[in-house]
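Student: I have a chain open on my screen and would like to understand the words used for its parts. Could we go through them together?

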Amino acid sequence: MHKDDSAYEFLDMDLEELRSKLVGFEVSDCPSLIDNCPDLEIDSKEQKMINETLQLVQKHGQIKNNDAKMGDNTCSDQKQRYSEDEMMRTNKILYQEFHKKRQNSDLYQKMQEERQRLPAWEVKDIITAAVKRHKVIIVSGMTGCGKTTQVPQFILDDALESDNFRANIICTQPRRIAATSIAERVAAERDDTLGNLVGYQIRLDGEVSYLTRLLFCTTGIVLRRLEGDPNLEGVTHVIVDEVHERSELSDFLILVLKRLLVRRPDLRVILMSATINAKLFSEYFNNCPIINIPGQLFPVKQFFLEDIIEQTKYCFTVILLFEECSRSTIKTMSALDFDEINYELIVHLLEWIVTEKHKEFPLDGAILVFLPGLQEIQKTFEELQVSKEFSRNIDRYVIIALHSSFSSDEQKAVFHKPKPGIRKIVLSTNIAETSITIDDVAYVVDVGRMKEMRYDHEKSMQSLDLIWVSRTNAEQRKGRAGRVQEGVCFHLFTSHMYKHILRPHPVPEIQRNSLEQVIIRTKILSVFRGHDIEIVLQDLIDAPSTDRIRAAVQSLKDIGALDSQMELTALGYHLGSIPVDVRIGKLMLYGLMFRCLDATLTMAATLSYKSPFITPFKKKRRQPLKRKN
């Protein structure tokens, strides 16, 4: 079992085994789990056993936390001195290896020449000086300027100029593929093996060692670490990348870091994004300095729907279908705002890109198509399979899908460059919008849609809605081209919509999702201990309304995760350790208690995940045969 999944260990034990492991601990009175579920018919013996078990586990966790915080001062001091001595000895070795490599490695020198061509290199000294002078800085730059890979290295390189350096850098990324691919790229630029000086850590996977001083990880990994290490001991810099996405985890991490800076004035926080609302974040951190990285590698031309129709001579299908109608009818129908994604237009545009002898546009390079979800990716792939150009010349094209549900190996396929003469087409969701860079992309096709999770507080239900992107999203997508040559971006919506209808920025996730897990996480972290939940959450960058906070608190009380004193119950303590909806987490725990865990885990997986009855990408044609067999 992976170390980050230790919270699940109790789920693998039966009730008697769990109790036997906790014999000897004194139990204080805890709120009853069953009292919060009066509809359950449970006899007094079972009720007593369930509550005692959860109370023992809760007490066990509290004892371990207290030991970690207090403990024996002498042992703690000895351990700290030992750790510091070991760290300094290791750092001297890293210092020597770094300078030896800088002098003798031809590959390292070649990679440094590539780094120096990036726009971020021009502000290297400004960034390192600002990091030393200020607790918090904001780095803003256009997509492709190199900030994600270079800013962490600027800090590391500056530290390695001294043999007694103390740098230990954490850089958070919003997605697994971003953390792994960026770590691999940075390690390659340093002519180093991944897992030595540079490493990564994601859920259930990682390449990290005692030598690692620059760690790329997902935001959830840092928040989980804060539960056991509330002061981030030994960490000198925390870099939060892609903060413009305004995910629930990143907004919450920024709130934690703001509180942590009071305890750790030596800690340095760097916020980065390509299209950040820099002033908003600067004001949140007392008008901290903003460093803008100018320019990008190559310019990207931008075209909208009217430009696409004009250049490709595309005719709407509605005109062809209704030739018998009058001109006024056809004109009216053509002017309608179609809600459906026009796959015919997507295919027509892709055929035009790959077949026309362009004078102003690149004649080669990969094509990145942004689509809302896996269903739309599958539909586009099927349409390409039966189109005139792509069905006749199948050997000339390689079509790759990119989705968050794919494995890491499947996701990494998008970085492979095809053989000469073969055109790569990537069909992706917004997972390719930030952080990851597909170097050979010359064209971007943006359908202008995305899927966004929303929570209906009246119905207490989540839904995945298809919505229009924001202007920030559109700019991010445009920036995916222009890495190795001049790029082109085609938006399948009008310029009028871009200027006047699309939102400037995406709605922060904290304002559209359920707050139950955020509240539980707030109660677990020691940095918020003793503080009122409403006051804590009102300190978020874009705070949720008081009514939403109170509704979430009442929901947790109804579930039994919070008691009347607003403290976590035994149930709430464990729900915070399980990364699922609190109701599903409660179902899993009850399954354990009533010895029907297998059935409840099946129900939990069905409720919390999409249907298992899906056709893998590119394998739909095999579906009838599989059904027969």
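Student: What is the order of the six strands in the open sheet, and how do they pair?

Tutor: The order is S9-S16-S13-S10-S12-S11, and the pairing is parallel. Before going on, please note that this is a predicted model, in which local features need pLDDT of at least 70, side-chain atom pairs count only at pLDDT 80 or more, and totals for chains, interfaces and linings use all residues. Residues are numbered from 1 along each chain as its sequence is written, and side-chain values use heavy atoms, leaving out hydrogens and water.

Student: What makes S11 and S12 a pair?

Tutor: Two strands pair if DSSP finds at least two bridges between them. S11 and S12 (residues 423-428) have six bridges, in the parallel sense, so they meet that definition. One example is Ile400, whose bridge partner in S12 is Val426; Ile399 stands opposite Ile425 in S12.

Student: Which strand joins S12 through four bridges?

Tutor: That is strand S10 (residues 366-370), which runs parallel to S12. Here Ile367 has Ile425 as its bridge partner in S12.

Student: Why are S9 and S11 called edge strands?

Tutor: Strand S9 (300-303) and strand S11 (397-402) each pair on one side only. As for the word "strand", DSSP runs of E with at least two residues count, while helices are runs of H or I with at least four, and both are numbered from the N terminus.

Student: Which helix packs on the sheet, touching S11 and S12?

Tutor: Helix H15 (residues 374-385) does, and its direction makes about 170° with that of S11. Contact means heavy atoms within 4.5 Å. Angles run from 0 to 180 degrees between N-to-C directions, with axes fitted to C-alpha atoms, for helices over the stretch in contact.

Student: Why is S12 described as largely enclosed?

Tutor: Buried means under 20% relative accessible area, exposed over 50%, and partly exposed in between, with a 1.4 Å probe and protein chains only. Six of the six residues of S12 are buried, so S12 is largely enclosed by the rest of the structure. Arg423, Ile425 and Leu427 point one way, Lys424, Val426 and Ser428 the other, and all are buried.

Student: How many of the chain's 629 residues are buried, as a percentage?

Tutor: Buried residues make up 50% of them. The chain holds 26 helices and 16 strands.
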